[in-house]
Amino acid sequence: MDVIAWIGLAVSWLLVLLLVKFVFIVLRVLKQTRRLAQMSRDAAEGLADNLSNDTVFTELELLAAQLPEAVAGIPRGAAAARPNVSSVSPGLGGRRL
């Protein structure tokens, strides 16, 4: 009878340890979830701050209006894309590239 009691006691201790392990796993997941929620809250606050400033959108609209002119000035083709600078490398002797 004593053997069965000792086996029951050992099994119960193992089950208690397993339960404590599960509790720690759940607490770790809850901690990570809380941290993720805080990061989401901070990101939402940052977005709200950025979206509340109307002057930024006005400046963006002005920059976007200048974009077609800037794109028109970009050279087309491989020959037009060659850099028009001299080399600073002593091996090339300052020749045009």
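Predicted model: local features only at pLDDT ≥ 70, side-chain atom pairs only at ≥ 80, totals over all residues.

User: Let's start with burial. What percentage of the residues of the chain count as buried?

Analyst: A residue is called buried when its relative accessible area is under 20%. Here, 1% of the chain's 97 residues fall in that class. The exposed surface comes to about 9,100 Å², with 69% of it supplied by carbon and sulfur atoms.

User: How many helices and strands are there in the chain?

Analyst: The chain has two helices and zero strands. Helix H1 covers residues 2-51, and helix H2 covers residues 54-72.

User: How do I check the length of H2, and where is its kink?

Analyst: The idea is to compare an expected span with the distance between the end C-alpha atoms. With 19 residues at 1.5 Å a residue, H2 should span 27 Å, and its end C-alpha atoms lie 29 Å apart, which agrees. There is a kink of about 35° at Gln66, shortly before the proline Pro68. Zero of the 19 residues of H2 are buried, so this helix lies largely in the open.

User: Which residues make the nonpolar surface patch?

Analyst: In an α-helix there are 3.6 residues a turn, so residues three or four places apart point the same way. The patch here, of about 1,100 Å², includes Trp6, Leu9, Trp13, Val16, Val20, Val23 and Leu27. Val23 sits in H1 and is partly exposed, at 43% relative accessibility.

User: And which side chains meet in a salt bridge?

Analyst: For this feature, look for a side-chain nitrogen of Lys or Arg within 4 Å of a carboxyl oxygen of Asp or Glu. The structure has one salt bridge, joining Arg41 and Asp42 at 3.4 Å, N to O. Both partners are partly exposed: Arg41 has 46% relative accessibility, and Asp42 has 42%.

Terms used: Residues numbered from 1 in each chain as written. Heavy atoms only, no water. Helix = DSSP H or I, 4+ residues; strand = E, 2+ residues; numbered from the N terminus. Buried < 20%, exposed > 50% of the residue type's maximum accessible area, 1.4 Å probe, protein only. Areas by Shrake-Rupley, 256 points an atom, 1.4 Å probe, with all protein chains shown as cover. Patch = residues over 30% accessible without salt bridge, like charges linked within 9 Å, V, L, I, M, F, W, Y side chains within 5 Å. Expected span 1.5 Å × (residues − 1). Bend = angle between axes of the 7 residues up to and from the residue.
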